[in-house]
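Please look over the sequence and the structure before reading on.

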Amino acid sequence: MIVLAAAFAVAGAASNAVGTAFQRKAASTSRRSGIRLLAELARQPFWVIGMAGVVCAALFQSLALVNGPLALVQPLFILELPFALLVAAPLMHKRMPRSGWWGVGGCVAGLAVLLIAAAPHGATDHAPLTRWIPALSVCVGGMAAAVLLAGRGHAPARRAALFAAASATGNALTAALLKSASGTFADHGFAAFLHAWQTYGFALAGVASVILLENALQAGPLVAAQPALTIGDAMVSLTLGMTLFDERIRLGWWLVPEACGALLIVAGVVVLSRAVQNITTVPVAAEQRQTAA
């Protein structure tokens, strides 16, 4: 079941990356906005492929959360960042600098070390309300505090990091609520899924996370936002998994390789974030000559 959950999580990260890349490709060809933009995009094959990728990602994430611990599934979604760059670069006729490949390697290697050392295990799909109330209070309170501290007048990097931290907390909370709602669906069917408060909770938390992410990307540089977003999601998910669903990780001397893996992920994310700012455009003619060769 753990292997199955990991496979679904990796498939979800890849699907979300493909969806995001194709949606950006479609949006880059339009100058419209609002409803007219949506109407135009709906007729573009790239946008349809992108939406299919997003839908598949949500399905894969639900299957992963039903079959495995939250502390395993959410960290694997870190792979979405390198997947997105690998897909988007050729799709948008861009060339990623050599440092970007080092960043991809750092993310993958760090994630492997972290998860092998931690070995998350022992998950349930449901938690009593006595656990949900403090978890919701801490997460929502933390998100609100981060937004207040990110008020205008502060340095752009600080604002971006705080908004990203709030979005990461929202992402982790969304995944926890989705895990519970998916478990209800698997155990009791669609009618029970529609009556579960967690179903509407993960929808609201997901929307809030997207809004906070947009604010993070507008407030400051990606190199400040991405590490907080990536590591924050994994750490909050780990905490929620342990406090809500009785998940466990290995402690003791295992904390040393776990810390090394986390640091390697941070380094890889920082390198990738900087590499994005140095992506160069590949001339279409040159690309065609390479393809012909």
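Is C139 buried or exposed? C139 is buried, with a relative accessible area of 6%, where buried means under 20% relative accessible area, exposed over 50%, and partly exposed in between (1.4 Å probe, protein chains only). C56, by its relative accessible area of 35%, is partly exposed. The count of disulfides is 0, a disulfide being a pair of cysteine sulfur atoms within 2.5 Å.

The model is predicted: local features need pLDDT of at least 70 and side-chain atom pairs count only at pLDDT 80 or more, while totals for chains, interfaces and linings use all residues. Residues are numbered from 1 along each chain as its sequence is written, and side-chain values use heavy atoms, with hydrogens and water left out.

**Salt bridges**

A search of the whole structure finds 2 salt bridges; the term denotes a side-chain nitrogen of Lys or Arg within 4 Å of a carboxyl oxygen of Asp or Glu.

| Salt bridge | N to O distance | Sequence separation |
|---|---|---|
| D125 and K179 | 3.4 Å | 54 residues |
| R131 and D246 | 3.0 Å | 115 residues |

The pair D125 and K179 meets through its side chains. This pair links distant parts of the chain, with D125 in the loop between α6 and α7 and K179 in helix α8 (residues 156–188); helices (H or I, at least four residues) and strands (E, at least two) are DSSP runs, numbered from the N terminus. That loop runs between α6 (98–118) and α7 (129–149). D125 and K179 are both buried, and the relative accessibility of D125 is 17%. The contacts of D125 include L65, V66, S180, G183 and F245, leaving aside residues up to four places away in sequence; contact means heavy atoms within 4.5 Å.

R131 and D246 also form a salt bridge. This pair likewise links distant parts of the chain: R131 belongs to helix α7, and D246 to the loop between α11 (222–244) and α12. R131 is partly exposed at a relative accessible area of 29%, and D246 is partly exposed at 31% relative accessibility.

Q74 is part of helix α4 (residues 70–76) and is buried, with a relative accessible area of 4%. Its side chain makes a polar contact of 3.3 Å with the side chain of D233. A polar contact is a pair of N or O atoms within 3.5 Å; within protein, one must be able to donate a hydrogen and the other to accept it, and residues adjacent in sequence count only if both atoms are side-chain atoms. Among the other residues that Q74 touches are Q61, N171, A175 and S237.

V271 belongs to helix α12 (residues 255–276) and is partly exposed, its relative accessible area being 30%. V271 touches S99 and G103, not counting residues up to four places away in sequence. Although V271 and G103 are 168 residues apart in sequence, their C-alpha atoms are 5.0 Å apart in space.

**A nonpolar surface patch**

F185, F190, L194 and Y200 make a nonpolar surface patch of about 410 Å². Patches consist of residues with over 30% relative accessible area and no salt bridge, like charges being joined within 9 Å and nonpolar side chains (Val, Leu, Ile, Met, Phe, Trp, Tyr) within 5 Å. F190 lies in helix α9 (residues 190–195) and is partly exposed, with a relative accessible area of 48%.

Terms used. Accessible areas come from the Shrake-Rupley method with a 1.4 Å probe; for residues, only the protein chains shown count as cover.
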